[in-house]
Amino acid sequence: MVPGGDTDAAQFHRERGRGSVHGEGVEVTDLAPNLSKFLNEHLVRDQRASPHTVASYSLAFERFVAFAAKRLKTRPIRIAVQQLSVPLILDFLDQLEKEQGNSIRTRNLRLVAIKSFFRYLEFRVPACLELAQQVHAIPAKRFDRGLVKSLDMDEVQAILDAPDTGTVNGVRDRSMLLLTYAAGLRVSEAVGLKLQDLGHNLATVHVMGKGRRERVMPVWGIAQSVLKEWLAVRPDGPDDHLFLNGRGKGMTRHGFAHRLEVHATTASRKVPSLVGRKVSPHVLRHACAIHTLDAVENDLRKVSLYLG
């Protein structure tokens with residue numbers, strides 16, 4: 001608080017109206033226009049970030065700006081970059097963990113988004129250089145990374161056989177899971193596939209990978225057959241995603257993870273080793289990596305090229 005009962009934010013904006021923050025000649029940088037350009041132009045056009053990355057960064061700033069506005073007792077459109085101090089950022093990150101129940105991994109991802117924004121400002125707003133330097137010095141929080149427990153061939157096969165292919169959703173799920181495993185796709189790559197990504201006679205699939213890196217993956221015999229079965233019953237509609245949810249929209253990451261969890265539970269009734277196991281999309285990709293490594297006689301370079 002400041003004399004007269006004003007909040008720090010109120011004093012900041014009163015001085016801002018006189019052209020100063022901490023003294024005459026100090027430049028004030030509005031957050032709103034710079035953040036809009038960062039999210040809507042820079043990430044997409046200059047960084048060629050994936051839709052998933054843009055959505056993740058947008059969510060990070062949606063929550064950060066709301067937190068900052070509440071803490072500074074001002075409206076989001078009146079926040080200045082100079083008000084986003086290191087203590088404020090640290091308090092936001094702590095709040096994500098303690099009050100929102102976010103994991104340390106999620107906390108670190110939010111910090112990456114904030115640092116990326118300040119890196120963007122470095123080359124455009126010299127007045128923010130010192131603050132940017134301070135933000136970049138914030139360390140990521142350390143945490144124990146548990147080893148991913150892979151699936152053996154019997155477990156994978158049980159999961160792939162779990163969908164009821166007597167239903168449209170079952171045909172879709174079997175095709176989606178089999179292609180993801182066979183090609184070692186990340187969940188973002190699988191749900192991002194479009195009809196036009198399928199090659200001639202379904203012999204290949206074009207994948208837009210992490211960092212906008214592209215690769216063309218072969219689609220083997222059984223996967224081709226299952227894909228044909230899905231395309232034969234895939235609902236018509238304006239959405240050109242390969243895999244659609246029940247509303248005719250592109251399957252989401254969460255939707256994929258939920259369907260996989262359902263089928264892993266079903267498979268556990270036949271394969272007891274799956275009981276209580278957390279089978280995520282990453283675990284399915286990891287299983288592909290391990291099984292491919294065995295097939296190429298432990299040649300890590302080949303596995304790396306295959307998985308992208």
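A: Leucine 202 is buried, with a relative accessible area of 9% (buried means under 20% relative accessible area, exposed over 50% and partly exposed in between, with a 1.4 Å probe and protein chains only). Leucine 202 sits in the loop that runs between α9 (187-192) and β1 (204-208), where helices (H or I, at least four residues) and strands (E, at least two) are DSSP runs numbered from the N terminus. Although leucine 202 is not a glycine, its phi is positive, at about 60°. Most residues other than glycine have a negative phi.

This is a predicted model, in which local features need pLDDT of at least 70 and side-chain atom pairs count only at pLDDT 80 or more, while totals for chains, interfaces and linings use all residues. Residues are numbered from 1 along each chain as its sequence is written, and side-chain values use heavy atoms, with hydrogens and water left out.

Lysine 73 belongs to the loop between α3 and α4, but it counts as exposed, at 59% relative accessibility, whereas leucine 202 is buried.

Helix α3 (residues 51-72) holds alanine 68, which is buried at a relative accessible area of 1%. Setting aside residues up to four places away in sequence, alanine 68 touches Ile79, Leu84 and Leu88, a contact being heavy atoms within 4.5 Å. Alanine 68 and aspartate 91 are separated by 23 residues in sequence and by 9.7 Å in space, C-alpha to C-alpha. Another buried position is serine 116, at 15% relative accessibility; it is part of helix α5 (residues 104-122) and, apart from neighbours within four places in sequence, is in contact with Phe38 and Tyr57.

At the start of α7, a side-chain oxygen of aspartate 152 comes to within 3.1 Å of the backbone nitrogen of aspartate 154. Glutamate 155 also has a partner, since its side chain makes a polar contact with the side chain of arginine 277 (3.4 Å); such a contact is a pair of N or O atoms within 3.5 Å, and within protein one must be able to donate a hydrogen and the other to accept it, with residues adjacent in sequence counting only if both atoms are side-chain atoms. Arginine 277 lies in the loop between α11 and α12 (281-295), and it touches Lys149, Ser150, Leu151 and Glu155, not counting residues up to four places away in sequence.

Two helix pairs share α8. Helices α7 and α8 pack at an angle of about 150°, with axes 9 Å apart, where axes are lines fitted to C-alpha atoms, for helices over the stretch in contact, and angles run from 0 to 180 degrees between N-to-C directions. They are therefore roughly antiparallel to each other (angles over 145 degrees count as roughly antiparallel, under 35 as roughly parallel, 65 to 115 as roughly perpendicular and the rest as oblique). Met153, Val156, Ile159, Leu160 and Asp161 of α7 meet Arg174, Leu177, Leu178 and Tyr181 of α8. By class, this contact has 7 nonpolar, no polar and 2 charged residues, with Ala, Val, Leu, Ile, Met, Phe, Trp, Tyr, Cys and Pro counted as nonpolar, Asp, Glu, Lys and Arg as charged, and the others, Gly among them, as polar.

Helix α8 (residues 168-183) also packs against helix α11 (residues 253-268), at an angle of about 100° and with the axes 11 Å apart, and these two are therefore roughly perpendicular to each other. The contact is formed by Arg172, Asp173, Met176, Leu177 and Thr180 of α8 and by Phe256, Arg259, Leu260 and His263 of α11, and its classes are 4 nonpolar, 2 polar and 3 charged residues.

For the chain as a whole, there are 13 helices and 2 strands, and 44% of the 308 residues are buried. The average pLDDT, the predictor's confidence in each residue from 0 to 100, is 85, and 85% of the residues score at least 70. Confidence is lowest in helix α1 (residues 8-17), with a mean of 47, and highest in helix α4 (residues 86-98), at 95. Over residues 11-25 the pLDDT is below 50, and beyond near neighbours in sequence this stretch has 23 contacts in the model.
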